[in-house]
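Okay, thanks for coming, everyone. I'll keep this short and go from the overall fold down to a few residues, so let's get it up on the screen.

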Amino acid sequence: MVEVMGAFANILLESIEKLLLTGERQECIYPDFNPEKKAWYSAKFQKIDPVSVGEKVWLICVIEDVTTKKMMSDQLQHQTLELIAAKNLAEQVARKRTEIFSIMSHGIRTPLNGIIGICNLLH
């Protein structure tokens, strides 16, 4: 559990450091501490402008459960890969079909031209 907390803390600290350096809102997505839950969360960090000028920096963090979004995103990515594979297979089949028709057409045309030529000579 300590290793998981360490990884989680590193993710959050990296986001906060980036926020302090750039001033831009940061977001990090991380899994639940308990791997059996299979839940995912999003932490969004924003710098708050202080009312009075001082040395303190105020941050706000909003944590949201994004398990459903993550599952849908993963499923969409998986389906996209399947569609790409199906498209590639369909293109291969179309190329082979075109090649076969080309060979077949040539194989039929050549003897047929010979027969037509002989028939024209006999007339």
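This is a predicted model: local features need pLDDT of at least 70, side-chain atom pairs count only at pLDDT 80 or more; totals for chains, interfaces and linings use all residues.

In terms of secondary structure, we've got 2 helices and 3 strands. Walk along the sequence and the order comes out as α-β-β-β-α.

Now, the overall dimensions. What radius of gyration does the protein have, against what a compact globule of 123 residues would have? The globule would be near 14 Å, but our protein has 32 Å. You can see that in the C-alpha trace too, which spans about 110 × 40 × 20 Å along its principal axes.

Burial next. Buried residues account for 11% of the 123 residues. The exposed surface comes to about 10500 Å², and 63% of that is supplied by carbon and sulfur atoms. On contacts: take the ones between residues at least 6 apart in sequence, and 31% of those join residues at least 24 apart. As for charge, there are 14 positive and 15 negative ones, and their mean positions sit 10 Å apart.

Okay, the core. Which residues make up the largest nonpolar core? There are 7 of them: F8, L12, L19, C28, Y30, A43 and F45. The elements giving two or more residues to it are α1, residues 2-22, β1, residues 26-31, and β2, residues 40-48. Helix α1 has the largest share, with 3 residues.

Let's pick out some core members. F8, leaving aside neighbours within four places in sequence, is in contact with Y30 and F33. Then there's A43, over in strand β2. Is A43 buried or exposed? A43 counts as buried, because its relative accessibility is 0%, and the cut-off for buried is under 20%. Not counting residues up to four places away in sequence, A43 touches L12, Q26, E27, C28, Y30, C61, V62 and I63. Look at I63 in that list: I63 and A43 are 20 residues apart along the chain, yet their C-alpha atoms are separated by 4.4 Å.

Back to helix α1 for a moment, where S15 lies. S15 has a relative accessible area of 8%, so S15 is buried. With neighbours within four places left out, its contacts are Q26, E27, C28 and F45.

K38 is found in the loop between β1 and β2. Phi of K38 is near 55°, a positive value in a residue other than glycine. Where does the side of exposure fall for K38, buried or exposed? K38 counts as exposed, because its relative accessibility is 64% and the line is drawn at over 50%.

Last stop, helix α2, which covers residues 67-122 and holds M104. M104 has a relative accessible area of 44%, so we call M104 partly exposed.

Key. Residues are numbered from 1 along each chain as its sequence is written. Side-chain values use heavy atoms; hydrogens and water are left out. A nonpolar core is a set of buried Ala, Val, Leu, Ile, Met, Phe, Trp, Tyr and Cys residues joined through side-chain atoms within 4.5 Å. Buried means under 20% relative accessible area, exposed over 50%, partly exposed in between (1.4 Å probe, protein chains only). Helices (H or I, at least four residues) and strands (E, at least two) are DSSP runs, numbered from the N terminus. Contact means heavy atoms within 4.5 Å. The radius of gyration is taken over C-alpha atoms; the globule rule is 2.2 Å times the number of residues to the power 0.38. Accessible areas come from the Shrake-Rupley method with a 1.4 Å probe; for residues, only the protein chains shown count as cover. Lys and Arg count as positive and Asp and Glu as negative; His and the chain ends are not counted. The place of a charge is taken as NZ of Lys, CZ of Arg, CG of Asp or CD of Glu.
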